[in-house]
Amino acid sequence: MMQLLKKLHKWVGLLIGIQVLLWLLSGLVISLIDPVKVSGRQWASPAVAEPQFFGPTTLLEPAELPAEHVKDALGIDLTIRHGKPVYLIRRTGGETLVNGVDGSLVTIGKSDAEQLALQDFNGDGEVISVEQGMAPDMETRDHSGAYWRIDFSDWANTAIYIAASTGKILERRNSYWRVRDFFWMLHIMDYSGRENFNHPLIITVALVAIWLGISGFLLLFGSFSRNDFFFLRFPGKRDDVVITLIDPMTADPRQVVIRRGSNLFLSLATHGVSLPSLCGGGGECGKCRVRFEIAGLPETKDLDLRLVPKRLREKGYRLACQHIADNNMTLYLPEGTLALLK
Amino acid sequence: MLALKSPVIARSLHKWLGLFVGLQVLIWLGTGLYMVLVDIDFIHGDPLVRNMQKTVLVPDLSMPGIASLREQYQDATKISLRPVMGKTFYGVTTVDHRYLVDPETGEVKSPLDEKTAREIAKYHYAGEAQVSNASLISSNPPSEIQTRRLPLWRIDFNDRFASSFYIDPYNGSLATRRHQYWRIFDFLWALHIMDYQDRSDAHNRLLIAAQIAGLTFGITGLWLLLYSFSGRRRKKEAPIR
């Protein structure tokens, strides 16, 4: 069962491991960047707090506005914009602004847009350029209609977007937002639109990835033994065993003292005795064979049976990563293991 | 640790980090799976509503108009024309109040009573189910309308989504709608960004700490994969005596 899980875990990891890593990485980057900077609020003037009244001016009734402006309106607001009473008219296609005194259509010209952007921006920089855009691009993707883009020379490369029809601040973009948006794209795997996370690609990868998580979680239970938590025991209650190591290439045996019950492969490794291994003690490569004395020969484990040939098992060979130091013992190591040590 | 070879380090790190963040990584994968599987427009309740894009009818000049409203509400900051159940009303916003006014009579209709709130909810509800409950929420809002302006009428529908429509008694609009799958999404989102209180701050220390551990966990996992698949080809036996 554990072997099956391990296999599943490895193959799923091979298949989508890179994307899982990208999810972890992009998630981290997204969380790390301060949202106040991402939204541009960091360098925006606080909104006007005082209420703005209409004053004594006589205003047009909605019925007196030119018919083409109010036709098919979803909502009409008489309000104050930029100090003047205006009608803000909402339609399916977007919003328009009509002068409340004479009914003329208000349009935001280049210099108006620059003025509005300068009023909003309180960061450290000058206007570099004012450009018009007719249709939404990546940075204005939540909006429709024409807009002005005002770029500033601050080090965050702020660009303020203003709706050409209403003068509304549509977005405040900057390098923080752009970096975040790139990682957001990686996170939701929508490489063209950067906004849809219900597409078949991510659903497929997520359905595969959940198996990486489930198998890994189950494997967790098998990979820990009680002895891994030795540090939770009473201090001073040490219980050690002596392992005598014999390398046929070196004359003198060597002795190491390790905690009773600890994993042979790992505890020898922490004493500088590196047994041959490719997998690092995972029970996969079958290289960390050591020979036990027949007198204290432990029972074979599943992985001994799979990875150690029968004739060697009968001679006393076992995988060090599958056995624990339960008593004082003598181990015969592969030739040259100790020779490499001082 | 210096004496340890890299696969041993990778394996120990992967194992111990797995103990500490393994469950959270599984939660990230599981909650992420829900979010990608369930269509976001459905979560937002788009299929549950109708009559959301009604046009307004501009009142003719024989009716009391903007001028008389400005007279009556001297501290008005906004006067709107808005559709409520297909009929056009004036909405007046003053410094500290809001009013819904019938353009024909000048009569103030707000705050709307329960009966009207139920009617508005049904007018916008695209389903077949009946209203099961109506209540006015003026304080201690449930977390699902945390950021909304109160008071709101909550109109619950007896459908399989446990839909709730929130009607603003001062302007007659459908302020928002919530249902069971939205609530699940919101809860899973809280687990995903590890902000269990406000469910909105993805810039929190707990999350960032878990993410750093999680990323290390992921890197060691991928690192182990290299060893695990590179060992496959070589079949040379260790020298044994």
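This is a predicted model: local features need pLDDT of at least 70, side-chain atom pairs count only at pLDDT 80 or more; totals for chains, interfaces and linings use all residues.
Residues are numbered from 1 along each chain as its sequence is written, chains are lettered from A in the order in which they are written, and side-chain values use heavy atoms, with hydrogens and water left out.

**View 1. A nonpolar surface patch on chain A, with A:Trp211 among its members.** A:Leu8, A:Trp211, A:Ile214, A:Leu218 and A:Phe221 make a nonpolar patch of about 470 Å² (residues with over 30% relative accessible area and no salt bridge, nonpolar side chains being joined within 5 Å; a salt bridge is a side-chain nitrogen of Lys or Arg within 4 Å of a carboxyl oxygen of Asp or Glu; areas by the Shrake-Rupley method with a 1.4 Å probe). Helix α6, residues 200–223 of chain A, gives the most to this patch, with four residues (helices are DSSP runs of H or I, at least four residues, and strands are runs of E, at least two). A:Trp211, which is placed in helix α6, counts as partly exposed because its relative accessibility is 46% (buried is under 20%, exposed over 50%, partly exposed in between).

**View 2. A:Arg81 in strand β1 of chain A.** The strand spans residues 75–81, and A:Arg81, with a relative accessible area of 23%, is partly exposed. Leaving aside residues up to four places away in sequence, A:Arg81 touches A:Val86, A:Leu88, A:Thr166 and A:Lys168 (contact means heavy atoms within 4.5 Å).

**View 3. B:Ser68 in helix α3 of chain B.** B:Ser68, in the helix of residues 66–72, is partly exposed at 34% relative accessibility. From B:Ser68 to B:Arg148 the C-alpha to C-alpha separation is 31 Å in space, and the two are 80 residues apart in sequence.

Note on methods
Patches are made of residues with over 30% relative accessible area and no salt bridge: like charges are joined within 9 Å, nonpolar side chains (Val, Leu, Ile, Met, Phe, Trp, Tyr) within 5 Å. Buried means under 20% relative accessible area, exposed over 50%, partly exposed in between (1.4 Å probe, protein chains only).
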